[in-house]
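Have a look at the model before reading on.

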Amino acid sequence: DMGGHDTYMHKEISEQPDAVDRVLRGRIDERFATVRLGGLNLDAREARTIRRIKILGCGTSYHAGLIGAGLIESLARVPADAEPASEFRYRNPVVDPDTLYIAVSQSGETYDVLAAVQELKRKGARVLGVVNVVGSAIAREADGGMYVHAGPEVCVVSTKCFTNTVVAFALLALHLGRIRDLSVSDGKRIIEGLRRLPEQIQQILQAEAEIKKLADQYADAKSMMFIGRVRGYPVALEASLKLKEISYIHAEAYPASELKHGPLALIEPALPTVAIVPDDDLLEKNRAALEEIKARSGRILAVAHQEQEKADHTVVVPKNEPELDPILMGIPLQLLAYHTALSLGRDIDKPRNLAKSVTVE
Ligand code: M6R
């Protein structure tokens with residue numbers, strides 16, 4: 001049942017304010033400015049002994065893991081990174097007893113992720129799951145974890161589950177941070193930011209008509225470049241994947257800082273760039289990248305907190321706390337991919353060559 005929407009993707013994009021509300025519900029502990037996560041099976045003493053966090057997932061879940069690693073590093077100050085589960089599995093990784101491993105999956109059935117979890121457990125590692133489908137294989141195999149409560153996701157491309165997974169990581173990062181060195185006032189700041197998300201997402205969804213117009217203008221592109229820096233880079237990766245999956249337009253994502261090390265050679269009027277430009281300490285650096293693109297006559301669509309002078313178009317999104325801004329900046333780009341695919345007449349809920357869950361190697 002699509003509930004009045006033409007596609008499941010559209011329905012699922014629209015459900016995000018409620019979905020985010022659900023992942024937050026019952027977990028916030030105002031008194032200690034922290035989060036209660038009963039299912040982790042990790043007490044405070046154990047949490048303090050973690051030296052490293054390694055996040056594993058595929059596709060969109062890997063991208064959510066990249067943002068998650070950034071959140072954990074900035075809020076909990078634990079070194080963290082994310083890696084595609086399949087790559088991890090095949091490179092005979094060093095499994096370290098002081099590392100906490102986190103497997104991320106919407107379906108909980110992705111074979112490469114499940115196999116990585118089983119291999120880690122065989123070697124004695126502690127593995128948590130950040131999973132959407134309750135009771136799925138990865139959820140059962142993990143030592144503990146969190147459900148992301150996005151609700152059923154039918155469309156092959158993931159949207160609401162991506163957003164909810166990132167919010168789940170923000171909760172985990174806050175939880176670990178408050179056990180370690182995150183102050184009460186920073187804890188409160190993040191909690192207030194999290195509480196603002198559903199309404200701000202709603203606000204972004206209201207700009208759909210404007211984003212549709214932009215999508216119609218960019219749909220003739222043969223290829224698109226997505227750029228971002230630090231927190232913005234995984235947003236660029238995810239936006240580029242979404243566009244590829246449903247519109248079949250070739251897209252690449254690069255850290256903005258890497259442009260001059262090669263991809264700048266591609267920039268010309270026929271290759272539009274989508275730039276993630278949050279109003280944070282990297283704003284000037286990002287503006288400089290826009291200038292470099294403009295100097296090569298590249299068209300620019302910016303997703304930013306205020307109108308960007310160098311961009312041809314800016315989608316302005318509401319500002320939250322800098323750590324949480326990537327969550328909001330991804331939303332208009334889901335709509336951009338959606339309306340680009342729609343204007344090209346693609347079968348959005350069933351893109352060619354793809355399956356909702358990849359249960360084979
Ligand atoms: O169910 P999972 O989160 O484990 O699936 C992982 C990927 O296969 C999935 O995210 C894929 O990249 C989607 N088509 C993304 O839209």
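Two strands count as paired if DSSP finds at least two bridges between them, and helices (H or I, at least four residues) and strands (E, at least two) are DSSP runs numbered from the N terminus. Keep in mind that this is a predicted model, where local features need pLDDT of at least 70, side-chain atom pairs count only at pLDDT 80 or more, and totals for chains, interfaces and linings use all residues. Residue numbers start from 1 along each chain as its sequence is written, and side-chain values use heavy atoms, with hydrogens and water left out.

On confidence, the chain averages a pLDDT (the predictor's per-residue confidence, from 0 to 100) of 96, and 100% of the residues score at least 70. For the complex, the predictor gives an ipTM of 0.98 and a pTM of 0.97.

Strand 6 (residues 126-131) pairs with strand 7 in the parallel sense over four bridges. Which residue of strand 7 is the bridge partner of V131? That's Y147.

Next, the cores. A nonpolar core here is a set of buried Ala, Val, Leu, Ile, Met, Phe, Trp, Tyr and Cys residues joined through side-chain atoms within 4.5 Å; buried means under 20% relative accessible area, exposed over 50%, and partly exposed in between (1.4 Å probe, protein chains only). The largest one has 93 residues, and I53, I72, I102 and L194 have the most contacts inside it. Helix 8 (residues 160-179) gives the most to this core, with 13 residues. A second, separate core of 17 residues includes M225, L271, L283 and L290. Back at I53, the residues in contact (heavy atoms within 4.5 Å) include V78, T99 and L176, leaving aside residues up to four places away in sequence.

Finally, the cysteines. There are zero disulfides (pairs of cysteine sulfur atoms within 2.5 Å) in the structure.
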